[in-house]
Amino acid sequence: MTIKAASGATPVVDAGTKYPAFRVHANNVRIEGFTVKSGGPSYSGFYVSGSAATIVNNRITGCGWGVFLTAGQGSTVSSNTVDSATSVGICLRSSNGNTVTGNTVTDCGKGLSIEGTSGSNQIYF
(Lines give C-alpha, C1' and ligand atoms only; values in the text may rest on other atoms or scores of the structure.)
Protein backbone atom coordinates (compact mmCIF):
# COMPACT_ATOMS: atom_id res chain seq x y z
CA MET A 1 0.00 0.00 0.00
CA THR A 2 1.24 3.50 -0.80
CA ILE A 3 0.03 6.63 0.96
CA LYS A 4 1.54 9.54 -0.92
CA ALA A 5 0.92 13.26 -1.08
CA ALA A 6 -0.40 14.47 -4.43
CA SER A 7 2.15 16.06 -6.72
CA GLY A 8 2.97 19.58 -5.51
CA ALA A 9 0.99 19.16 -2.28
CA THR A 10 2.22 18.82 1.30
CA PRO A 11 -0.77 17.67 3.35
CA VAL A 12 -0.66 18.27 7.11
CA VAL A 13 -1.76 15.52 9.48
CA ASP A 14 -2.39 17.00 12.94
CA ALA A 15 -2.72 14.25 15.54
CA GLY A 16 -4.10 16.65 18.14
CA THR A 17 -1.72 15.35 20.88
CA LYS A 18 -3.90 12.25 21.37
CA TYR A 19 -2.66 9.58 18.93
CA PRO A 20 0.10 8.74 16.47
CA ALA A 21 -0.50 10.56 13.20
CA PHE A 22 0.11 7.30 11.31
CA ARG A 23 -0.21 3.90 13.02
CA VAL A 24 0.81 1.09 10.67
CA HIS A 25 0.33 -2.59 11.54
CA ALA A 26 0.99 -4.04 8.08
CA ASN A 27 3.84 -5.02 5.79
CA ASN A 28 4.97 -3.28 2.59
CA VAL A 29 3.54 0.17 3.34
CA ARG A 30 5.05 3.35 1.86
CA ILE A 31 4.20 6.78 3.30
CA GLU A 32 5.60 9.80 1.51
CA GLY A 33 5.37 13.59 1.43
CA PHE A 34 3.42 14.54 4.57
CA THR A 35 3.85 17.06 7.34
CA VAL A 36 2.97 15.41 10.63
CA LYS A 37 2.55 17.35 13.84
CA SER A 38 1.23 17.34 17.38
CA GLY A 39 1.47 13.69 18.30
CA GLY A 40 2.06 14.91 21.84
CA PRO A 41 4.72 13.67 24.26
CA SER A 42 3.35 10.11 24.43
CA TYR A 43 2.83 9.39 20.73
CA SER A 44 4.75 9.04 17.48
CA GLY A 45 4.44 10.82 14.20
CA PHE A 46 4.84 7.40 12.55
CA TYR A 47 4.36 4.20 14.56
CA VAL A 48 5.21 1.18 12.41
CA SER A 49 4.98 -2.44 13.54
CA GLY A 50 5.38 -4.21 10.22
CA SER A 51 8.12 -5.19 7.82
CA ALA A 52 9.34 -3.64 4.57
CA ALA A 53 7.83 -0.23 5.32
CA THR A 54 9.17 2.92 3.65
CA ILE A 55 8.84 6.27 5.42
CA VAL A 56 10.29 8.89 3.08
CA ASN A 57 10.30 12.67 2.50
CA ASN A 58 8.13 13.60 5.48
CA ARG A 59 8.40 16.38 8.06
CA ILE A 60 7.58 15.40 11.64
CA THR A 61 7.32 17.96 14.43
CA GLY A 62 6.01 18.18 17.99
CA CYS A 63 5.65 14.47 18.73
CA GLY A 64 7.06 12.20 21.44
CA TRP A 65 8.87 10.10 18.83
CA GLY A 66 9.28 11.15 15.21
CA VAL A 67 9.49 7.69 13.60
CA PHE A 68 9.11 4.59 15.76
CA LEU A 69 9.79 1.19 14.16
CA THR A 70 9.05 -1.86 16.29
CA ALA A 71 9.08 -5.61 15.76
CA GLY A 72 9.75 -5.47 12.02
CA GLN A 73 12.50 -5.86 9.50
CA GLY A 74 13.66 -4.58 6.14
CA SER A 75 12.16 -1.09 6.46
CA THR A 76 13.59 2.19 5.17
CA VAL A 77 13.44 5.58 6.88
CA SER A 78 14.87 8.11 4.44
CA SER A 79 15.02 11.84 3.73
CA ASN A 80 12.72 12.85 6.58
CA THR A 81 13.02 15.92 8.80
CA VAL A 82 12.24 15.41 12.47
CA ASP A 83 12.23 18.28 14.94
CA SER A 84 10.96 18.90 18.46
CA ALA A 85 10.38 15.23 19.32
CA THR A 86 10.41 15.17 23.12
CA SER A 87 11.74 11.60 23.39
CA VAL A 88 13.52 10.38 20.21
CA GLY A 89 13.71 11.54 16.61
CA ILE A 90 14.04 8.01 15.14
CA CYS A 91 13.69 4.84 17.23
CA LEU A 92 14.29 1.22 16.23
CA ARG A 93 12.96 -1.21 18.84
CA SER A 94 13.38 -4.95 18.30
CA SER A 95 13.76 -4.24 14.58
CA ASN A 96 16.33 -5.85 12.28
CA GLY A 97 17.82 -5.24 8.86
CA ASN A 98 16.48 -1.71 8.45
CA THR A 99 18.07 1.24 6.64
CA VAL A 100 18.00 4.75 8.09
CA THR A 101 19.57 7.28 5.72
CA GLY A 102 19.59 10.98 4.83
CA ASN A 103 17.34 12.15 7.66
CA THR A 104 17.66 15.45 9.53
CA VAL A 105 16.92 15.29 13.26
CA THR A 106 17.04 18.47 15.39
CA ASP A 107 15.88 19.70 18.79
CA CYS A 108 14.86 16.23 20.03
CA GLY A 109 15.40 14.52 23.37
CA LYS A 110 17.61 11.99 21.54
CA GLY A 111 18.37 11.89 17.84
CA LEU A 112 18.46 8.10 17.38
CA SER A 113 17.69 5.22 19.72
CA ILE A 114 18.31 1.55 18.96
CA GLU A 115 16.61 -0.63 21.57
CA GLY A 116 15.80 -4.21 22.46
CA THR A 117 16.98 -6.95 20.12
CA SER A 118 17.62 -4.69 17.12
CA GLY A 119 20.47 -5.80 14.86
CA SER A 120 21.92 -5.67 11.35
CA ASN A 121 20.58 -2.16 10.79
CA GLN A 122 22.35 0.30 8.48
CA ILE A 123 22.34 3.86 9.85
CA TYR A 124 23.61 6.82 7.78
CA PHE A 125 23.24 10.47 8.77
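Strands E2 and E5 pair in the parallel sense, over three bridges. Here strands are DSSP runs of E with at least two residues, while helices are H or I runs of at least four, and both are numbered from the N terminus. Two strands count as paired if DSSP finds at least two bridges between them.

This is a predicted model, so to speak: local features need pLDDT of at least 70, side-chain atom pairs count only at pLDDT 80 or more, and totals for chains, interfaces and linings use all residues. Residues are numbered from 1 along each chain as its sequence is written, and side-chain values use heavy atoms, with hydrogens and water left out.

**Pairing around E5**

- Val12 is found in E2, which covers residues 12–14.
- Leaving aside neighbours within four places in sequence, Val12 is in contact with Thr35 and Lys37, where contact means heavy atoms within 4.5 Å.
- Val12 and Lys37 are 25 residues apart along the chain, and their C-alpha atoms are separated by 7.5 Å.
- E3 also pairs with E5 in the parallel sense, over three bridges, and Arg23 stands opposite Tyr47 in E5.
- E5 and E7 pair in the parallel sense over eight bridges; there, Tyr47 has Phe68 in E7 as its bridge partner.

**The six-strand sheet**

- An open sheet is formed by six strands with parallel pairing, in the order E1-E4-E6-E8-E11-E14.
- Its edge strands are E1 (2–4) and E14 (122–124), each of which pairs on one side only.
- Direction ignored, neighbouring strands of this sheet are turned by 5° against each other on average; the axes behind that value are lines fitted to C-alpha atoms (for helices, over the stretch in contact), with angles running from 0 to 180 degrees between N-to-C directions.
- E11 (residues 99–101) pairs with E14 in the parallel sense over three bridges, and Thr99 stands opposite Gln122 in E14.

**The nonpolar core**

- The largest nonpolar core has 23 residues, and those with the most contacts inside it are Phe22, Ile31, Val36, Phe46, Ile60 and Val67.
- Such a core is a set of buried Ala, Val, Leu, Ile, Met, Phe, Trp, Tyr and Cys residues joined through side-chain atoms within 4.5 Å.
- Buried means under 20% relative accessible area, exposed means over 50%, and partly exposed is in between (1.4 Å probe, protein chains only).
- E3 (22–24), E5 (35–48), E7 (59–70) and E10 (88–93) each supply at least two residues of this core, and E7 gives the most, with four residues.
- Phe46 touches Phe22, Ile31, Val36, Ile55, Asn58, Ile60, Gly66, Val67 and Phe68, not counting residues up to four places away in sequence.

**Asn80 and Asn103**

- Asn80 is found in the loop between E8 (76–78) and E9 (81–83), and counts as buried because its relative accessibility is 1%.
- Asn103 lies in the loop between E11 and E12 (104–106); this residue counts as buried too, at 6% relative accessibility.
- A polar atom of the Asn103 side chain lies 2.9 Å from the backbone nitrogen of Asn80, and one lies 3.2 Å from the backbone oxygen of Thr101.
- The Asn80 side chain has a polar atom 2.9 Å from the backbone oxygen of Ile55.
- The cut-off for a polar contact is a pair of N or O atoms within 3.5 Å; within protein, one must be able to donate a hydrogen and the other to accept it, and residues adjacent in sequence count only if both atoms are side-chain atoms.
- Not counting residues up to four places away in sequence, Asn80 touches Ile55, Val56, Asn57, Asn58, Ile60, Gly102, Asn103 and Thr104.
- With the same exclusion, Asn103 touches Val77, Ser78, Ser79, Asn80, Ile90 and Phe125.

**Cysteines**

- A search of the whole structure finds zero disulfides, with a disulfide taken as a pair of cysteine sulfur atoms within 2.5 Å.
- Cys63 is in no disulfide, and is buried, with a relative accessible area of 1%.
- Cys108 has its closest cysteine sulfur in Cys63, and the 9.7 Å between the sulfurs is too far for a bond.
- The C-alpha atoms of Cys63 and Asn80, 17 residues apart along the chain, are separated by 14 Å.
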